[in-house]
Amino acid sequence: MKQRYTISVTGPVWVDYSIATDATCVSDAINHLESLDPEIAAQRLIESSAYSLERIEREVYGGVGNAVYDAIPNYVFNRAGEMKFGSEEEEGHDGVAGPAAQVLPPQRVLLTGTGLASRRYTFEAESWEDALSQFDRLSTEELNAPTWSIWGIDLEANVSLVAAASVEEGEADEDALGNIAMHLDVQLPQMPSLYFGPATQV
């Protein structure tokens with residue numbers, strides 16, 4: 001009997017957030033950021049975000065139905081060179097995705113962090129062997145069809161205020177940053193997710 005098998009390809013990302021500000025010192029900028037509702041602060045960060053994919057892991061994860069994902073044993077993903085990320089799809093790419101990859105405000109608060117980027121592929125299959133065989137047969141276009149999910153963001157406590165040629169650094173409260181980071185998961189605006197099979201995609 002066929003079941004729904006989902007395979008996840010994952011890699012670490014560097015994250016940059018650049019928010020326009022009128023603050024004249026970094027402590028004022030940090031105080032303002034920490035005073036915002038975490039969801040509102042997160043939305044402002046997302047609107048000024050840039051994500052840089054460090055690499056794609058050779059180990060893949062997966063699950064059957066609604067099961068928690070585990071590492072898939074005895075399988076090595078070796079098609080990282082075919083995977084595109086953000087502006088890699090454009091001529092002269094820099095491998096960065098997100099609004100901040102295009103325009104940076106002249107006076108801004110800069111936050112950095114790390115996270116994970118994942119793409120998921122779902123198949124109707126009779127076994128893991130069958131699902132992995134279908135996965136291996138995907139074309140490069142099909143491999144790049146699902147959107148990237150950015151998740152698990154960990155913000156650095158160091159915050160910078162950039163104004164003209166000067167940079168002033170400060171340190172934000174880690175608990176406040178943790179509350180903001182809980183709302184930073186996003187889907188990158190690329191092609192619609194692609195599901196391989198007749199059932200509803202998850």
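Modeller: The part to examine is helix H5, whose buried residues pack against helix H1 (26-35), helix H2 (38-46), strand S6 (107-125) and strand S7 (149-163). Please keep in mind that this is a predicted model. Its protein chain has a mean pLDDT of 86, and 84% of the residues reach 70 or more. Confidence is below 50 over residues 88-95, a stretch with 12 contacts in the model beyond near neighbours in sequence. Residues 190-202 also stay under 50 in pLDDT, and the model has 38 contacts for them beyond four places in sequence. Where pLDDT is low, the predicted coordinates should not be read in detail.

Helix H5 itself comprises residues 174-181, and Ala176, Leu177, Ile180 and Ala181 are buried there. These four residues lie on the same side of H5 because they cover an arc of only 140° around the axis.

Strand S6, one of the elements against which the buried residues of H5 pack, contains arginine 119. Is arginine 119 buried or exposed? Its relative accessibility is 0%, and buried means under 20%, so arginine 119 counts as buried. The side chain of arginine 119 has a polar atom 2.7 Å from the backbone oxygen of proline 146.

Note on methods
Residues are numbered from 1 along each chain as its sequence is written. This is a predicted model: local features need pLDDT of at least 70, side-chain atom pairs count only at pLDDT 80 or more; totals for chains, interfaces and linings use all residues. Side-chain values use heavy atoms; hydrogens and water are left out. pLDDT is the predictor's confidence in each residue, from 0 to 100. Contact means heavy atoms within 4.5 Å. Buried means under 20% relative accessible area, exposed over 50%, partly exposed in between (1.4 Å probe, protein chains only). Helices (H or I, at least four residues) and strands (E, at least two) are DSSP runs, numbered from the N terminus. The arc is that of the directions from the helix axis to the C-beta atoms. A polar contact is a pair of N or O atoms within 3.5 Å; within protein, one must be able to donate a hydrogen and the other to accept it, and residues adjacent in sequence count only if both atoms are side-chain atoms.
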